[in-house]
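Please prepare a short briefing on this structure.

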Protein chains: 2
Amino acid sequence: MTEVIPHWLDKQADLSPDKTAIETSDGEELTFQQLRDKSRSLAKKMAASGVQEGNHVALLAANSSDMAAAIHALSYLGAVAVLLNVRLSAAELAYQLNDAEVSCLLYDDGHTELALSAVDQADCPDFRSFREIIEQTETTVALQEELVLNKLFTIIYTSGTTGFPKGVEHTYGNHWWSAVSSALNLGLSKNDKWLASLPLFHVGGLSLLVKSVVYGMPVYLMKKFDIDLAHRAIISENVTIVSVVAVMLERLINKLAGGRYPDSFRCMLLGGGPAPEPLLEKARLHEIPVFQTYGMTETSSQIVTLSPDYALSKLGSAGKPLVPAQLKIMLEGNPAPDGTVGEIVVKGPMVTKGYYKNDSANDKSFHDGWLATGDLGKLDEDGFLYVMDRRKDLIISGGENIYPAEIESVLAGMDGVKEAGVIGREDDQWGQVPVVFIVASHTDLTKEKVFDYCRERLAKFKVPKHVYFIAELPRNASNKLVRHKLVDLLGEYES
Amino acid sequence: MTEVIPHWLDKQADLSPDKTAIETSDGEELTFQQLRDKSRSLAKKMAASGVQEGNHVALLAANSSDMAAAIHALSYLGAVAVLLNVRLSAAELAYQLNDAEVSCLLYDDGHTELALSAVDQADCPDFRSFREIIEQTETTVALQEELVLNKLFTIIYTSGTTGFPKGVEHTYGNHWWSAVSSALNLGLSKNDKWLASLPLFHVGGLSLLVKSVVYGMPVYLMKKFDIDLAHRAIISENVTIVSVVAVMLERLINKLAGGRYPDSFRCMLLGGGPAPEPLLEKARLHEIPVFQTYGMTETSSQIVTLSPDYALSKLGSAGKPLVPAQLKIMLEGNPAPDGTVGEIVVKGPMVTKGYYKNDSANDKSFHDGWLATGDLGKLDEDGFLYVMDRRKDLIISGGENIYPAEIESVLAGMDGVKEAGVIGREDDQWGQVPVVFIVASHTDLTKEKVFDYCRERLAKFKVPKHVYFIAELPRNASNKLVRHKLVDLLGEYES
C-alpha cells in the first residue's frame, strides 16, 4: 500500500504563503503562493498545448524560475518530467528523447537551436518553447491535489558503463524520502536557505527544488555556478547551506582568502566524487563546515553523509548511510571484510526502483531490493565509508588495483598543481598503467617534479607513467570530472 | 509496495552510539548503544520465555527504561506491543487482553496485583513480570534488522462512543511518518531534548520514544508527571521541547511565577483537547513558546499544529495539518463552509489504517482513506482549525449547539475558578442544558458569582443551569478531562 500526501507545493502555499520559495541570482523572488500560482497556471497552459496525465515531457533549460515552475507544473498534471542535460549534443539528446518515449520537448530561449536539432533526429511528436507555453491561454483541467508516492515523477539519464545512458526513474516517494533523510541528518531550521548552484536537470539541483517544498525553505537559484555570486550569497544573502563539488569548494576557499563565513552558514555539502584530502584540510583551516557526501542519480542525491561530529576524526570519509538507508561492500558475491575494497551496494526508500524500460541494466544492478552502484569503496572498523572510485575507472596494473582518486588526492596537495585527473593507459607489460593530466597553477611545474613528488608518496606501481599538462579538465554540468573524456584526449595525444 | 528501513534503534546506535537516548527522572542514563544492547538482550530473553514473531504482547507498566526497552525488544522480535493503561480496572484490562488476542502480558513490579487480577478474568495464556524476563537466559533468535513500514507495531485502546474501547493499530510507518511530520513542522536541532511526562502507554508518550530513535534525540523520561521535576528539567536540564496538556501547562506557569525559561527552551507542545484562551494568554505573557496541537491515538500523536508564525494572530487555533496530512470539516456528507462547525475528518500516512478486528467501527470511521474523528471543529477563512469538542460531548439545547469547551474557556478566565468541566444534563423543556463542575481556587467563590460572570459573557442558552463545586476534576492518565465521569458524578449528585 503506497502512501498519499497532499501536493507539496499546495501544502507550502497553505502553510507559508508569504515565505520566499525561490530567489534567483537575477534578483527575482517568488513566494510559495506565487510559485504555486505560477506552476498551476503553467500546468493549465501546458494542458492547453496538449500535455496530458502520464505523458513524458522533456525539459531542456538552464536554471530559472520558469524551469522550476515547469517541473512543478508537470507534477500538477501527473505528467513525467524528463530532465535533459543542456551540455549534451543533439544526437545524445535525441537518444534520450526516444528512449524515454517523450511526447513533447519544452525548452528555454537559450536552447532553441539545440532543441530543434535534437527533435530533428528523434521521434518526438511535439516541441515548444517555454515562451510559447507561457503565451497560451489556460485551459480547464483537473490538477493533481495529491501525490501518490509510488508514482513516477522524473527521469534523469546517467551514463552507463556500456556507453548507452540509462534513464533513472524517480518516484515522488524517492524524492520525498531523499528530502526527509537529508533533514534528519543535517537538521532543519526555519532560517535555512539553500544555494542551488547545480543545474535542476541534475539530481543534485532537482533535489533542492523538492527540499524547498517539503521543508518550506527558500532556495537561492543560480543560473549557473558563478564564483562571485556564490561567494556573495554566502557572505551577505543569508544562505545557510550550499551544495558543491570539489572544484567549486576549491574556488570558494580561494575567494574567501583570509575571510570567514558568517556563523549562520552551517553546511557546505560536498558531493560529486571522492574529495582530495588537502582540500578538506584547507576547508578545515578556514572553519568551513564541510559535510562530505556520497550519492548519485540513482539515490536521488546523497545517501551517505559524514556527520559533523566526525568531520575531523574521519576526514576523507563520506560517512554513514542516512537514517532510512543501508549500505554494504560486496566482493565476489559476499560482504567484504572491513578495510577491504569492494563494490558499494545500497538500499533505501530514496533509491530508484529501476532504469526506464531497461531490463538488462535492471537485472544487472538490482538484487533483492539492493542497488549495486558500480562504485568502489571500503568501510573502516567503525563502519565509515571511504569511496574509492567508479569501478569502471579502476586501473589494474600488474594485478594491483589503482584508484585514480588516490593519486589525484596526493597531487592536489602539491604546490603548483591546480587540478589533476588520472586514468589508465593500455600497457603491454602491466595491462594498464596510470597517467595523469595536470592543470598547473604556475609555470615552473615540470614533469620531473611531479614524478619526484609522487615517488616520495606513492607505491611505485601507482606513480603515473606520463604527465600531460592541460589548460582545464573536462567536467560535466555538475563540475564532476569526466574521466572518459580524458581517455579520448589520451587517444589524441598518442595518435 | 511498502518501504523498508533499517531498524531505527540499530541505526541510531550506529550513527550516534555515545549520544544519550534516554535520561530518566531517577537519574538513569542510557546511550543509544546501551539502549540497543538492553533492548536486544531483552528481546532474546523474551524469546526464551516463548514470545515469537507476530505474537501480541501486552505491556502494563509505568514509564521506565525497562518499559522503553521492552517496547523496542518487541520490535526486534517482530511482535506487536499492546500498550495497557495502568489506571484501568482489571475488568477493563481483561477486555483489552481478549480483544487484542494477547498471548502474553508483561508487567512491572508496581502493577503485579492489577496484572494478575486482569489475567484472571481474561483468556491470556501467559503472563510474566519484567523481573522474570530480565532474569531469563538469552536464547538464540534472529532479530529483525529491518522494519517493514506497513507492518503492525503497536495497539493502543481508545474509548469508543458505544462504550467498548477500540484497539487502534499503528504500523511502523504510522509512527515513522508521525515523527517526520513533527520534525518538518517544529524543525530539528542537534541540541534537542524532549521531556516525556506523558505515559509511554499513551500515544503522546510512545511517539517520543519513536522520535528519539528517528531523530537521534535524547528523551527525558518521567515516571509520572511531577511538577517540580518538570520545572527543573526545563530550567536546568537542557530540555528544549515539552509535551503537555492544559492542566500541566497551568501548573508549570504557576511554578514559573515571575521567572523565565532559558532561551534554549523552544517548544511547549500543547495537546489533549481545546485549550482555554486565558491560559494561552497567560503563557504568552510569560513568553512561553506554546504550539497548540490537535491529535489523537488514531493519528499517532499530533496531526495539526499551530506554527509559531501564527501563535499570536491565531490564538486558540490548533493550526493547520502537518505537511503530509490533510483535513476537512464535514457537515451532513458535504464539506462545511468556512466558519461552520462540523466533524473533523483527516487523512495522512500517520493515520491508523483501522481498529483491530473491528469491522463496524472501521466501516463507521473510514471512508476513501479519510478518518472521521468524531471531533467537532471549524476552519476560519485562512484555513486554520478551531477544535470545538468531541462530538459526543456536544450539548444540544433547544436546537442550539453548545460546546462545553467554550464555556470552560470562559470560566477559566474567572478569578477564583481553578478548573471547570461542563457537561449536558437531560432537561424536559430543552432536551439538554449545560451544567458545570468547578474546582475553586478560593473560598469566596459563589454560584451566584459564576452565573453573573457567565451571563455577562455567554448567550443565555449557554449559561450553565447548575454549578457544582468539586475538589478535583476527573482526568485520565494523560491529564485530559474525562467528561463521562462527570456524567456519573451528576447522577450521584441528583439521585
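The points below go from the chain pair to the sheets and then to single residues.

This is a predicted model. Chain B superposes on chain A by a rotation of 180° with 0.0 Å of shift along the axis, at an RMSD of 0.1 Å. The two copies are thus related as by a two-fold rotation axis. In chain B, Leu188(B) has the C-alpha nearest that axis, 2.4 Å from it.

**Interface between chains A and B**

- The contact involves 36 residues of chain B and 36 residues of chain A.
- Together the chains bury about 3400 Å², and 57% of this lies on carbon and sulfur atoms.
- Three residues, Trp177(B), Leu184(B) and Val323(B), supply 18% of the area that chain B buries against chain A.

**Nonpolar core**

- The largest nonpolar core has 222 residues.
- Within this core, Trp176(A) and Trp176(B) touch the most other members.
- Leaving out residues up to four places away in sequence, Trp176(A) touches Ile5(A), Trp8(A) and Val214(A) in chain A.
- Under that same exclusion, Trp176(A) also touches Trp177(B), Val180(B), Leu184(B), Val323(B) and Pro324(B) in chain B.
- In soluble globular proteins, nonpolar side chains tend to be buried together.

**Nine-stranded sheet of chain B**

- This open sheet of 9 strands has mixed pairing and the order β3-β2-β12-β11-β13-β14-β15-β16-β17 in chain B.
- The edges are β3 (29-31) and β17 (320-321) of chain B. Each has a single partner strand, so one side of each is left without a neighbour in the sheet.
- Strands β11 (residues 194-196) and β13 (residues 241-245) of chain B run parallel and are joined by 2 bridges.
- Trp194(B) stands opposite Ile241(B) in β13(B).
- Helix α2 (residues 32-48) of chain B lies across β2 (20-24) and β3 of chain B. Helix α2 of chain B runs at about 90° to β3(B).

**Three-stranded sheet of chain B**

- A further open sheet has 3 strands in the order β26-β27-β28 in chain B, again with mixed pairing.
- Its edge strands are β26 (417-427) and β28 (466-469) of chain B, each pairing on one side only.
- From one strand to the next, the twist averages 25°.
- Strand β27 (residues 431-440) of chain B runs parallel to β28(B), and 4 bridges join the two.
- Ile438(B) stands opposite Phe469(B) in β28(B).
- Helix α13 (residues 404-412) of chain B packs on this sheet and touches β26 and β27 of chain B. The direction of helix α13 makes about 145° with that of β26(B).
- Helix α15 (residues 483-494) of chain B lies across β26, β27 and β28 of chain B. Helix α15 of chain B runs at about 70° to β26(B).

**Strand β22 of chain A and its partners**

- Strand β22 (residues 370-379) of chain A is mostly covered, with 9 of its 10 residues buried.
- Strand β20 (residues 342-347) of chain A pairs with β22(A) in the antiparallel sense over 4 bridges. Here Val346(A) has Leu371(A) as its bridge partner.
- Strand β21 (residues 366-367) of chain A also pairs with β22(A) in the antiparallel sense, over 2 bridges. Phe366(A) stands opposite Leu371(A).
- β21(A) and β22(A) form a hairpin with 2 residues between them. In the turn, Asp368(A) has a positive phi of about 50°.
- Strand β23 (residues 385-390) of chain A pairs with β22(A) in the antiparallel sense over 5 bridges. Lys378(A) stands opposite Tyr386(A) in β23(A).
- The hairpin of β22(A) and β23(A) has 5 residues between the strands. Gly383(A) in this hairpin takes a positive phi near 85°.

**Ser300 of chain A**

- Ser300(A) lies in the loop between β15 (290-296) and β16 (301-305) of chain A.
- Ser300(A) counts as buried because its relative accessibility is 0%.
- Setting aside neighbours within four places in sequence, Ser300(A) contacts His170(A), Asn174(A), Ser178(A), Val203(A), Ser207(A) and Met350(A).
- Ser300(A) and Arg425(A) are 125 residues apart in sequence. Their C-alpha atoms are 33 Å apart in space.

Note on methods: Residues are numbered from 1 along each chain as its sequence is written. Chains are lettered from A and ligands numbered from 1 in the order in which they are written. This is a predicted model: local features need pLDDT of at least 70, side-chain atom pairs count only at pLDDT 80 or more; totals for chains, interfaces and linings use all residues. Side-chain values use heavy atoms; hydrogens and water are left out. Copies are superposed by least squares on the C-alpha atoms of residues with pLDDT of at least 70 in both. Two strands pair if DSSP finds at least two bridges between them. Axes are lines fitted to C-alpha atoms, for helices over the stretch in contact, and angles run from 0 to 180 degrees between N-to-C directions. Contact means heavy atoms within 4.5 Å. Buried means under 20% relative accessible area, exposed over 50%, partly exposed in between (1.4 Å probe, protein chains only). A nonpolar core is a set of buried Ala, Val, Leu, Ile, Met, Phe, Trp, Tyr and Cys residues joined through side-chain atoms within 4.5 Å. Buried area is the accessible area (1.4 Å probe) that two parts lose on being put together, summed over both.
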